[in-house]
Amino acid sequence: EPRVVGFASGTQALTLTGRLTSGRQGETIEIEAKECGSDTWRLVATDRTIAGGGWHAGAVPTLRTTYRARWRDTVSEAVDILVRPGVRLDQRSRTRYSATMIASRFFRGAKGRFERFDRARGVWVLVRRVTLSRQSAPRGAPWAYSGADFVARVPVRSLVRFVLPNDQTGECYLAGHSIQFNVR
């Protein structure tokens, strides 16, 4: 839980749980992961079962990852965990905005959407498409920043957000979106 997490959600984005059918306590369970784009499983955590055979382990996926549990030569069904890139939208001045994506890969050339909410129709409408560029990250960091500064005119108090759609994130991420705020 949960099955969908945001990139950089914290030190423990999700909890993997299960139960050994024998119910034995003290058995070693190995948790394996296969990340998007990889063909190999790797050990990411171990736990010992408690009374009744239950176990749990924390995980922090940085892109779509499939998990399974191993007990001796038996493996569980695999579970896919989906990841959204982190998306931040800032208003710099009345008409200037900045959008930043954080993920384990760059989204250079991807086209994001700056949107405002049309209260009368109850729908989000496109204000402007924004092409992202690669931005710097600290040397050796396990994440990548992409973003853009842009100008857009929307009425004061309009509810706005920035969206990186599914067709721009690639197969390893779901669409991402910023928090919503009212233009000042």
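The model is predicted: local features need pLDDT of at least 70, side-chain atom pairs count only at pLDDT 80 or more, and totals for chains, interfaces and linings use all residues. Residues are numbered from 1 along each chain as its sequence is written, and side-chain values use heavy atoms, with hydrogens and water left out. Helices (H or I, at least four residues) and strands (E, at least two) are DSSP runs, numbered from the N terminus.

**Disulfide**

- A search of the whole structure finds one disulfide, a term for a pair of cysteine sulfur atoms within 2.5 Å.
- The disulfide is formed by Cys 36 and Cys 172, with sulfur atoms 2.1 Å apart.
- The link of Cys 36 and Cys 172 is left-handed, at -75° about the S-S bond.
- Cys 36 lies in the loop between β3 (28–35) and β4 (42–48) and Cys 172 in the loop between α1 (166–169) and β16 (176–177), so the pair ties together parts that are 136 residues apart in sequence.
- Both Cys 36 and Cys 172 are buried; buried means under 20% relative accessible area, exposed over 50%, and partly exposed in between (1.4 Å probe, protein chains only).

**Strand pairing around β8**

- Two strands pair if DSSP finds at least two bridges between them.
- Strand β8 (residues 79–84) pairs with strand β1 (residues 4–6) in the parallel sense over three bridges, and Val 5 has Val 83 of β8 as its bridge partner.
- Strand β6 (residues 65–71) also pairs with β8, in the antiparallel sense over three bridges; here Thr 65 has Ile 81 of β8 as its bridge partner.

**Nonpolar core**

- In soluble globular proteins, nonpolar side chains tend to be buried together.
- A nonpolar core is a set of buried Ala, Val, Leu, Ile, Met, Phe, Trp, Tyr and Cys residues joined through side-chain atoms within 4.5 Å.
- The largest nonpolar core has 43 residues, and Phe 114, Phe 150 and Phe 162 have the most contacts inside it.
- Strand β10 (residues 96–103) gives the most to this core, with five residues.
- Leaving aside residues up to four places away in sequence, Phe 150 touches residues including Leu 89, Tyr 97, Phe 114, Val 130 and Phe 162; contact means heavy atoms within 4.5 Å.

**Largest pocket**

- The largest pocket has a volume of about 460 Å³.
- Its lining has 23 residues, of which Thr 17, Gly 18, Trp 55, Ala 69 and Ser 76 lie nearest the centre.
- At least two lining residues come from each of β2, β3, β6, β7 (74–75) and β8.
- On a 1 Å grid over the protein atoms alone, a pocket is an open set of points where a 1.4 Å probe fits, with protein on both sides within 12 Å along at least five of seven lines; lining residues have an atom within 4 Å of a point.
- Grid points are joined across faces, edges and corners, and a volume is the space filled by probe spheres set on the points.

**Loop residues**

- Arg 24 lies in the loop between β2 (14–19) and β3 and is partly exposed, with a relative accessible area of 39%.
- The C-alpha atoms of Arg 24 and Gly 52 are separated by 6.1 Å, although the two are 28 residues apart along the chain.
- Arg 72, in the loop between β6 and β7, is exposed at a relative accessible area of 53% and has a positive phi of about 55° although it is not a glycine.
- Ser 158 lies in the loop between β14 (144–151) and β15 (159–164) and counts as buried at 9% relative accessibility.
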